[in-house]
Amino acid sequence: MSAVSSIDPATGQPWIDKNNIDPNLRNRLLIGVEVLIAMRPNGVGKWSGRLYNKNDGKTYAGYLNEIDARTIRVEGCALSILCGGENMTGLSEKADTQ
């Protein structure tokens, strides 16, 4: 997974929630928007809850699974049959803060 810029190249400004289905939320900054919502344990290394999708501004049933110590898989489903997901990999060691 590649890093995403905090600046929207189309506007030169920070990303906003422009696709939100609620018109009152379309100007809020995306930084800090909750995307993993009400996740509850659902087995060893597994959680289920809701996912917010910034691309269409909708919330879906969602799942988070630990693949290994560095990787999680986040999946969302619409209508319980149309599912998609993405593996996300983090750093295996904490960054040096000195």
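Colleague: Which polar side-chain atom lies 2.7 Å from the backbone nitrogen of Asp22?

Modeller: That atom belongs to the side chain of Asn20, and it lies 2.7 Å from the backbone nitrogen of Asp22; a polar contact here is a pair of N or O atoms within 3.5 Å, where within protein one must be able to donate a hydrogen and the other to accept it, and residues adjacent in sequence count only if both atoms are side-chain atoms. Please keep in mind that this is a predicted model, in which local features need pLDDT of at least 70 and side-chain atom pairs count only at pLDDT 80 or more, while totals for chains, interfaces and linings use all residues. Residues are numbered from 1 along each chain as its sequence is written, and side-chain values use heavy atoms, with hydrogens and water left out.

Colleague: Where is Asn20, and is it buried or exposed?

Modeller: Asn20 is in the loop between strand 2 and strand 3, where strands are DSSP runs of E with at least two residues and helices are runs of H or I with at least four, numbered from the N terminus. Asn20 counts as buried because its relative accessibility is 5%, and the cut-offs are under 20% relative accessible area for buried, over 50% for exposed and in between for partly exposed, with a 1.4 Å probe and protein chains only.

Colleague: What else does Asn20 touch, leaving aside neighbours within four places in sequence?

Modeller: With those neighbours set aside, Asn20 is in contact with Leu25, Arg26, Arg28, Tyr52 and Gly57, contact meaning heavy atoms within 4.5 Å. The side chain of Asn20 also makes a polar contact of 2.8 Å with the side chain of Asp17.

Colleague: And what does the side chain of Asp22 do for Asn24?

Modeller: A polar atom of the Asp22 side chain lies 2.8 Å from the backbone nitrogen of Asn24. Asp22 itself is found in the loop between strand 2 (13–14) and strand 3, and Asp22 counts as partly exposed because its relative accessibility is 30%.

Colleague: How do strand 3 and strand 4 pair?

Modeller: Strand 3 and strand 4 (residues 46–53) pair in the antiparallel sense over 4 bridges, and two strands are said to pair if DSSP finds at least two bridges between them. The bridge partner of Ile37 in strand 4 is Arg50, and Arg50 also stands opposite Ala61 in strand 5.

Colleague: What about strand 4 and strand 5?

Modeller: Strand 4 and strand 5 (residues 58–68) pair in the antiparallel sense too, over 8 bridges. They form a hairpin with 4 residues between them, and Gly57 in the turn has a positive phi of about 70 degrees.

Colleague: Which residue has a positive phi although it is not a glycine?

Modeller: That is Ala38, with a positive phi of about 50 degrees; Ala38 is in strand 3 (residues 36–41).

Colleague: Last one: which rings have a charged end over them?

Modeller: The charged end of Arg28 sits over the ring of Tyr52, 5.9 Å from its centre, and the charged end of Lys54 sits over the ring of Trp15, 5.7 Å from its centre. A charge sits over a ring if NZ of Lys or CZ of Arg is within 6 Å of the ring centre and within 35 degrees of the ring normal.
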